[in-house]
Amino acid sequence: MQEFAYPVLTVLVFFPLLAAVGLFFLRGDNTIRMYTLGVSIVELALSFPLFAGFKLESAAFQFVERMDWVKQWGVEYYLGTDGISFLMVVLTIAVLPLCVLCSWTYIQTRVKEFHFCLLFMTAACVGVFTALDLVLFYVFWEAMLVPMYLLIAVWGGPEKRYASLKFFLYTLAGSALLLVAIVAFRIVGGTFAIPELMEHNFAFNFQFWAFLALALAFAIKVPMFPFHTWLPAAHVQAPTAGSVILASVLLKMGTYGFLRFNLPLTPAASEYFAPFMIAISIAGILYGGIVALGQNDIKKVIAYSSVGHMGFVTLGIFLFNQRGLEGALFQMLNHGITTGGLFMMIGTVYERSHSRELDDNLGLGKYMPAYMFFWGLFALSSFGFPGTNSFVGEILVFVGAFEQNPWIGALMVPGAMVAAAYMLRVSLKLAWGRPTSWKEWPDLNLREWTYLVIPAVFVLYIGLAPGLCFKVMDASLLKLEKDVKEGAKIVAMEKEKPAEVALNSLKGIIK
């Protein structure tokens with residue numbers, strides 16, 4: 001536990017929410033934009049104690065805040081962070097000013113409401129990554145749904161109603177399963193406190209059903225194949241900032257859920273289902289890459305690439321070895337940086353061409369060289385070119401896969417090759433394609449340079465010097481790996497088949 005003169009995590013959660021209320025007292029679109037940008041910078045400054053006080057060698061939860069909330073039900077206001085959630089909190093806070101900057105001229109209607117949604121979303125996401133009480137986690141998880149729905153439904157493209165409704169229904173279905181699991185853990189475990197539940201060795205029958213409920217909820221959020229169909233529609237129809245938040249933060253909630261809940265709370269069931277989870281992860285890697293290769297809408301290319309990239313993350317998680325877990329967490333961070341950068345670049349060129357079709361944006365290298373420099377950097381990172389951040393994560397997942405089983409590693413290779421193919425295809429056409437007509441489009445302005453330079457710096461920094469990230473995550477991941485293996489050994493599985501588990505559980509319910 002890290003003591004500070006003020007509750008750091010509470011401030012990070014509720015400051016954006018309070019600032020969002022302040023928007024309603026402002027007038028003028030530019031005033032609202034400047035105010036929200038200032039709030040995002042202050043939020044970054046308020047996160048500095050996390051960097052100053054975080055103990056790299058500790059696997060325990062830090063900056064813990066705990067007090068009764070609904071005492072009669074055993075619900076607590078319980079916050080904390082460790083090496084797994086720390087990086088996600090920082091990523092969430094860092095994305096906010098970039099979203100404000102890339103929407104500066106893109107959003108021209110309901111500007112106040114748009115920025116309210118951005119601030120509300122940030123508060124909910126920080127809450128998700130810091131909540132250590134199941135009910136509190138669920139409250140933040142559900143709170144995120146409303147502003148994201150509005151971002152798509154109000155400021156989205158021509159098919160925004162379809163995309164927003166599909167996103168809402170898929171996420172709501174996952175939330176229902178998550179709520180069932182939360183109630184089950186309270187009944188069987190006797191508490192909503194996540195750290196205390198981690199110490200509990202649940203019977204395998206319970207783990208079997210709890211894992212399924214949790215895994216389906218988180219698989220929809222990732223989204224894993226075949227629950228991915230809402231993602232391309234949401235990405236394509238969402239405004240630029242919505243796509244950035246969706247790619248950088250919201251998808252990570254699913255994989256974070258696997259790391260925070262499935263592995264430590266249901267270790268035996270996680271081990272039991274690992275072959276199936278690895279199989280659909282590989283299917284997602286291949287499917288996402290192949291479909292992305294055939295797209296002409298640039299945003300759809302990046303949207304389907306996310307399905308493949310998140311497949312690497314879930315694959316690394318269920319390898320149950322140090323390299324796989326490190327690679328998964330690295331890729332969660334890297335995907336947020338790289339894919340967020342690519343979506344901002346798509347928004348940048350869309351403001352000039354008013355089209356996301358590849359054929360309408362050919363030959364940008366001739367009159368937008370600075371733009372193509374950044375696109376080339378993010379594209380190289382996207383398919384894991386050495387020296388970029390994504391290379392670190394992908395190579396760790398590859399090493400973990402080959403350590404676990406050479407066949408798993410071999411099946412990943414085509415996915416990596418297809419990723420290079422679709423990114424190079426788009427990049428070559430954007431840079432050297434023959435435009436149908438000459439267009440006097442201006443190159444990047446100062447604002448665009450600002451929101452592209454920041455992720456570009458981290459693409460290179462993490463790719464060339466990943467040591468600090470290792471120091472942040474390693475203690476927590478080593479403890480997670482150890483707890484999962486010990487928990488799986490303690491719980492006597494007796495090699496029960498799924499049908500037998502289901503039958504025994506139903507008999508228990510009938511009795």
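This report describes the pockets, cavities, aromatic pairs and selected residues of a predicted model.

## The largest pocket

The largest pocket has a volume of about 670 Å³. Its lining is made up of 31 residues, and those closest to the centre are Phe51, Val90, Leu91, Ala94 and Phe458. Six helices are named as giving two or more residues to this lining: helix 3 (48–53), helix 4 (83–102), helix 12 (240–265), helix 15 (322–353), helix 19 (446–464) and helix 20 (467–490).

Helix 4 gives the most, with 8 residues. Sorted by class, the lining of the largest pocket holds 26 nonpolar and 5 polar residues, and no charged ones.

## The cavities

The structure holds 5 cavities of 30 Å³ or more. The largest cavity has a volume of about 70 Å³. Its lining consists of His309, Met310, Val313, Gln331, Asn334, His335, Thr338, Thr339, Ser381, Ser382 and Ser390. Helix 14 (298–317), helix 15 and helix 16 (369–382) each supply at least two of the lining residues, and the largest share, 5 residues, comes from helix 15. By class, the lining of the largest cavity has 9 polar and 2 nonpolar residues, with no charged residues.

The second largest cavity holds about 60 Å³ of space. It is lined by Thr92, Val95, Leu96, Cys99, Leu118, Met121, Thr122, Cys125, Ile245 and Val249. Helix 4, helix 5 and helix 12 are the elements that give two or more residues to this lining. Here the classes are 8 nonpolar and 2 polar residues, again with no charged residues.

## Asn334, at the largest cavity

Asn334 is one of the residues that line the largest cavity, and its place is in helix 15. Asn334 counts as buried because its relative accessibility is 0%, and the cut-off for buried is under 20%.

Beyond residues up to four places away in sequence, Asn334 touches Thr339, Asn389, Ser390, Gly393 and Ile462.

## Aromatic pairs and charges over rings

A search of the whole structure finds 34 aromatic pairs. One of them is formed by Phe51 and Phe86, with an edge-to-face arrangement, 5.6 Å from centre to centre and 80° between the planes. Phe51 belongs to helix 3 and Phe86 to helix 4, so the pair ties together parts that are 35 residues apart in sequence. Phe51 is partly exposed, with a relative accessible area of 45%, whereas Phe86 is buried, with a relative accessible area of 5%. Phe51 is also among the residues closest to the centre of the largest pocket.

Arg186 lies over the face of Phe192, 5.4 Å from the ring centre. Lys221 lies over the face of Trp141, at 4.8 Å from the ring centre.

## Buried residues of helix 7

Helix 7 spans residues 145–155, and its buried residues include Leu145, Pro147, Met148, Leu151, Ile152, Ala153 and Trp155. An α-helix has 3.6 residues a turn, so residues three or four places apart point the same way.

The buried residues of helix 7 pack against helix 5 (111–130), helix 6 (134–143), helix 8 (160–189), helix 11 (230–237) and helix 12.

Ile285 is found in helix 13, which covers residues 267–293. With a relative accessible area of 2%, Ile285 is buried. Leaving out residues up to four places away in sequence, Ile285 touches Gly308, Gly311, Phe312, Leu315 and Gly415. Ile285 and Phe312 are 27 residues apart in sequence, and their C-alpha atoms are 6.8 Å apart in space.

Phe116 is in helix 5. Phe116 is partly exposed, with a relative accessible area of 23%. Apart from its neighbours within four places in sequence, Phe116 is in contact with Ala20, Val21, Leu23 and Phe24. Phe116 and Pro455 are 339 residues apart along the chain, and their C-alpha atoms are separated by 24 Å.

Conventions
Residues numbered from 1 in each chain as written. Predicted model: local features only at pLDDT ≥ 70, side-chain atom pairs only at ≥ 80, totals over all residues. Heavy atoms only, no water. 1 Å grid on protein atoms, 1.4 Å probe; cavity = no way out; pocket = protein on both sides within 12 Å on 5 of 7 lines; lining within 4 Å. Points joined across faces, edges and corners; volume = space filled by probe spheres on them. Helix = DSSP H or I, 4+ residues; strand = E, 2+ residues; numbered from the N terminus. Nonpolar A, V, L, I, M, F, W, Y, C, P; charged D, E, K, R; others polar. Phe/Tyr/Trp six-rings, centres within 6.5 Å; stacked < 30°, edge-to-face > 60°. Buried < 20%, exposed > 50% of the residue type's maximum accessible area, 1.4 Å probe, protein only. Lys NZ or Arg CZ within 6 Å of the ring centre and 35° of its normal. Contact = heavy atoms within 4.5 Å.
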